[in-house]
Amino acid sequence: YYKDRCISGVFHAMNVYMEAKQYGFIFDEDSLALCAQQRPAYQNTCFTTFTAAVPALLDFDLKRTVALLRTSVPPPLFPEIFKVAAVIFVDADASVEDIGSFIHECGALSPDFRPLCIWAAMNKLYNNGEPGKEYEKAIAFCSSTWVRDAEKAACFHEVAANASGIYATEKMQTVCNASPRTYRLDVAECRELKWL
């Protein structure tokens, strides 16, 4: 754990220097190659740290971001690293329609990206949403037509999983009650509440 934290700090410092163009560091489309040169145990931390800067570097062009990640990130790491980039594309203050449009754009690039982008949207809404009300837009999004019927259970699971990490039991009851009963019965975090 401490080794991972230390390694993360090293890459974070490098990333700060790259973005500020200090000490001879510069962040460009070749910067992720540095991560590929690390030992396998360090690659995930390096890619995770550097990837957050990729969308801005590429003018928030999702297609170019995916292309760069595809050529730079080893395939086994790609899904997790892509989720890091996808979070950057989501605006927690955006409307449900704007978030849905982003999910649609992800799916147009590859059907495999839709669940990753839904995860990213839920993550962003919880980490940057209005405190105590993060779940409201997340539930509205999962309930919308932007989320396909086959994806709804997983979407509501993400709502509950994120909520359980920040809310006490009483607030979790509110979150679960706000979700459609059909889906909350499939979500372990909601089933565990005795009142269901």
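Predicted model: local features only at pLDDT ≥ 70, side-chain atom pairs only at ≥ 80, totals over all residues.
**The disulfides**

The structure has 4 disulfides. Count the bonded cysteines of the protein chain in sequence order and the pairing reads 1-2, 3-4, 5-6, 7-8. Three of these bonds are set out below.

| Pair | S to S distance | S-S torsion |
|---|---|---|
| C35 and C46 | 2.1 Å | about -70° |
| C142 and C155 | 2.0 Å | about -80° |
| C176 and C190 | 1.9 Å | about -85° |

What does the C35 to C46 bond tie together? C35 sits in helix α2 (residues 33-36) and C46 in helix α3 (residues 40-51), so the bond links parts that are 11 residues apart in sequence. Both of these cysteines are buried.

Next up is the bond between C142 and C155. C142 belongs to helix α9 and C155 to helix α10, so parts 13 residues apart in sequence are tied together. C142 is buried at 0% relative accessibility, and C155 is buried too, at 1%.

Then there's the disulfide of C176 and C190. Here helix α11 holds C176 and helix α13 holds C190, so the tie spans 14 residues in sequence. C176 is buried at 0% relative accessibility, and C190 is buried at 2%.

C6 is exposed, with a relative accessible area of 51%.

**A charged patch**

On the surface, D91, D93, E97 and D98 gather in a patch of negative charge. D98 is part of helix α7 (residues 96-109) and is partly exposed, with a relative accessible area of 49%.

Note on methods
Residues numbered from 1 in each chain as written. Heavy atoms only, no water. Patch = residues over 30% accessible without salt bridge, like charges linked within 9 Å, V, L, I, M, F, W, Y side chains within 5 Å. Areas by Shrake-Rupley, 256 points an atom, 1.4 Å probe, with all protein chains shown as cover. Salt bridge = Lys/Arg side-chain N within 4 Å of Asp/Glu carboxyl O. Lys, Arg positive; Asp, Glu negative; His and termini not counted. Charge placed at Lys NZ, Arg CZ, Asp CG, Glu CD. Helix = DSSP H or I, 4+ residues; strand = E, 2+ residues; numbered from the N terminus. Buried < 20%, exposed > 50% of the residue type's maximum accessible area, 1.4 Å probe, protein only. Disulfide = S-S within 2.5 Å.
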